[in-house]
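Visitor: I would like to learn how to read annotated positions and salt bridges in a model. Please take me through them one at a time.

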Amino acid sequence: MSQASLHGKWTVSSSDDDDEVLPPSGTATPKSRRPAESSRVSSRSPSPVPEPAPPEVKAEPDSPPVFALAVGSEARQSAVRNPVKFETSPSLSGKRKKEPSGGSGWALSDSDDEDDAEGKRSSQSKLPNRAAPNGEAKKPKVESERPPSPHGRLYYKDEPDDFFETSFPCLNDTYRFYLNKVTGLDRKFNSGALHIRDILSPLFGTLKESVQFNYCFDIPWMVKQFPSEFRHCPVLIVHGDKREAKARLLQQGQPFPHVRFCQAKLDIAFGTHHTKMMLLWYEEGFRVIILTSNLIRADWYQKTQGMWMSPLFPRLPEGSSESSGESPTFFKRDLLEYLASYRTPELDEWIERIKEHDLSETRVYLVASTPGRYVGADMERWGHLRLRKLLCDHTNPIPDEERWPVIGQFSSIGSMGMDKTKWLAGEFQRTLTTLGKSSFRSDPPIHLLYPSVEDVRTSLEGYPAGGSLPYSIQTAQKQIWLHSYFHRWKARRTGRTHAMPHIKTYMRVSPDSTQLAWFLVTSANLSKAAWGALEKNNTQIMVRSYELGVLYVPSAFSLKTFPIDTNPFPASSSSTFGFPVPFDLPPTSYSPTDQPWIWNIPYSQEPDTHSNVWVPS
């Protein structure tokens, strides 16, 4: 069966009626040709003498190295016709997010999916403890089997000491929005950016205790990011893992008695705990960081990520009222409400701590999703209706606003229906185009930024970067209409064109790309699971996942619009009022030959920047 569009053609041997059986996003596990050695082999040199039965791939002589990607059940595997031979090996069907090896954590860093329930049920039913093809019991994973990156053991390089901040960094204190440092960029493009080691350093406070909310964890790696003086401070991990994945996570934490775990309740099927937040309690006060990075090395190495870092919130005087320390954006109230939504005693202590601090300097609004079905006034508490309510209350109509495009940028895409009116061009578009309380309904352009195959192929990581861009062929072939919205990932202004985006941002931009009506950085990808979907004749909204972001509106900064900073790097001490949009504007539309990156189909015609090709199995 072929599916063609303006942006490429794919062939899969599956029915239109097949439900999506892809493992939840973030499970991409491109495997090395030889697990115990580097997978990077020159495509120009002769092949070495073959060894008996390579575990994953038999490559043809002189062919580029191949990454094998486990993408689902045997039925789905056979739907993708590979141009190389594979040895029979157990499927990794349904293995969510990470492997039991003590934290290799590569290509595992994204989540969505409200894949069709039946398809997921099919995939998950094949997961637990399946026997090997020869009927023998499956051998337990050995920690050394998986190299630390899909490129092999030598891929990650330790950054030099001057990569990290040794004195207080020059930061944009106006907006407090930052990108992550990217290994391999010119030094100026990391000036004013932050690595996790910078965030946790004594430069920002004397740490006493922290909470880490996230989706993917590499506990040993995370612990090493704390400076030695804070390395044994208590850490609470808030996660959404269940069953085998939870057992693996707890096993990771066993060598670290100061690390505790809190499991988020996921009461609606196929939701995920996708929120990424740090709560940092210092001797000097308290800080919140809301970000887009998982706690794995790959997410902090050569990907584009973003974060909002709060000011240092001081402790309130003894005897302050419960309403003290509130910000004009009601950030304190909304953060406490979000934490309370977990309904877990492990966070009660933190709720009380936050009440004791002054959060009044905060100038952003919290936009969160929590799993549930909401009616009445509660519909506007979570998901995209929360964003709609904030845009209605805190922005104003703009002359010629129908010419101000909406831009959505993300790293994962869920199923949105057979035509655009089912969700994207219906309820979600109405949210994104809201400006003030005007009854005027503008119909501006909507531009969606998602990397093309060529963007991934020429990236710093090469094809393995696509493991964190989990858009599947099964979803894509059902919504080819979506691809006419797509625009390339180009980020020359921030030096990050070749650092594939794991950041998620949404914004409203002026026709000349010099002003912003609003800006949102969030964990939420383009999916109904993340943002929620209306039900029962629009009287109820159902949200599957935990997500978290912050919304910038000009009125909170005493502005009418945000001017856009066209040259945010290197950062300078003379902070401007320009907002540092992480990619180039205006965005570049896909050409007729561009294809959106699909993570579970082969790319073997052209090698990537590491002389590799990509072959799902």
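Visitor: Where does His-274 lie?

Guide: Helices (H or I, at least four residues) and strands (E, at least two) are DSSP runs numbered from the N terminus. His-274 lies in the loop between β9 and β10. This is a predicted model, in which local features need pLDDT of at least 70, side-chain atom pairs count only at pLDDT 80 or more, and totals for chains, interfaces and linings use all residues. Residues are numbered from 1 along each chain as its sequence is written, and side-chain values use heavy atoms, with hydrogens and water left out.

Visitor: Is His-274 buried or exposed?

Guide: Buried means under 20% relative accessible area, exposed over 50%, and partly exposed in between (1.4 Å probe, protein chains only). His-274 is buried, at a relative accessible area of 0%.

Visitor: At which residues does UniProt place the feature "active site"?

Guide: UniProt positions are given in the numbering used here, with feature names shortened, and annotations may be inferred rather than shown by experiment. The UniProt entry, which is unreviewed, places "active site" at His-274 and His-502. They span 229 residues in sequence, yet no two of their C-alpha atoms are more than 12.7 Å apart, so they gather at one spot. His-502 lies in the loop between β17 (486–487) and β18 (505–509), and His-502 is also buried, with a relative accessible area of 0%.

Visitor: How many salt bridges does the structure hold?

Guide: A salt bridge is a side-chain nitrogen of Lys or Arg within 4 Å of a carboxyl oxygen of Asp or Glu. The structure holds 22 of them. One of these joins the side chains of Arg-343 and Asp-267, at 2.8 Å from N to O. Arg-343 lies in the loop between α6 (331–340) and α7 (348–355), and Asp-267 in the loop between β9 (259–263) and β10 (277–282), so the pair ties together parts that are 76 residues apart in sequence. Arg-343 is partly exposed at 47%, while Asp-267 is exposed at 58%.

Visitor: Which residue forms a salt bridge with Lys-437?

Guide: Asp-393 does, with the closest N and O atoms 3.2 Å apart. Asp-393 lies in helix α8 (residues 383–394) and Lys-437 in the loop between α9 (424–432) and β16 (446–449), so this pair ties together parts that are 44 residues apart in sequence. Asp-393 is partly exposed at 29% relative accessibility, whereas Lys-437 is exposed at 61%.
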